[in-house]
Amino acid sequence: MRMITIAAVAALAMTAAACSKPADKAAEATAASQDAAAASSAAETSAAAATEASQAAMATGSTAAATAAGDAAKSAGAAAETAGDAAKKAGDKAEDAVDAAAKH
């Protein structure tokens, strides 16, 4: 879902650039979209690590493994929040680029 949103933001940025509108706004939107894609990838990696830690905790039943799984889940949540913030920023930058293109 996030990748679709990020792709849409990138498409808006490229559309703004292709229309020969303010290139700086389009470049900002593109950079923000790339940052969002990287953050989304990091969140996916963190979520996979949390899943593995959770499975290990269930398999062993140890308190240490359960604590590690909780920590991994917390990290995954933080990474997802960061990715969401980056996607919002990318959307805002794309909106700015479209607005700038509409004014010219």
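Okay, first the ground rules. What we have is a predicted model, where local features need pLDDT of at least 70 and side-chain atom pairs count only at pLDDT 80 or more, while totals for chains, interfaces and linings use all residues. Residues are numbered from 1 along each chain as its sequence is written, and side-chain values use heavy atoms, with hydrogens and water left out.

So, what's in there? The protein chain has 3 helices and 0 strands, and from the N terminus on the order is α-α-α. Those elements are DSSP runs, numbered from the N terminus: H or I with at least four residues for helices, E with at least two for strands.

Let's look at H2, residues 23–60, and H3, residues 63–103. Their axes come within 7 Å and cross at roughly 165°. That makes H2 roughly antiparallel to H3; the label goes to angles over 145 degrees. The axes are lines fitted to C-alpha atoms over the stretch in contact, with angles from 0 to 180 degrees between N-to-C directions. The crossing is left-handed, meaning the near helix is turned anticlockwise from the far one by less than a right angle. And who sits in that contact? By class, 29 nonpolar, 7 polar and 6 charged residues. Asp, Glu, Lys and Arg count as charged; Ala, Val, Leu, Ile, Met, Phe, Trp, Tyr, Cys and Pro as nonpolar; the others, Gly among them, as polar.

Now, salt bridges. Side chains of opposite charge can pair when their charged atoms come close. The rule here is a side-chain nitrogen of Lys or Arg within 4 Å of a carboxyl oxygen of Asp or Glu, and the count comes to 2.

One is Glu28 with Lys93, closest N and O atoms 3.5 Å apart. This pair links distant parts of the chain, with Glu28 in helix H2 and Lys93 in helix H3, 65 residues apart. Glu28 is partly exposed because its relative accessibility is 34%, and Lys93, at 24%, is partly exposed too. The cut-offs: buried is under 20% relative accessible area, exposed is over 50%, partly exposed is in between, using a 1.4 Å probe and protein chains only.

Then there's Asp92 with Lys88, at 3.1 Å between the closest N and O atoms. Both lie in helix H3, 4 residues apart, about one turn of the helix. Asp92 is partly exposed at 35%, whereas Lys88 is exposed at 55%.

Last, the whole chain: of its 104 residues, 29% are buried.

Conventions
Parallel < 35°, antiparallel > 145°, perpendicular 65-115°, else oblique.
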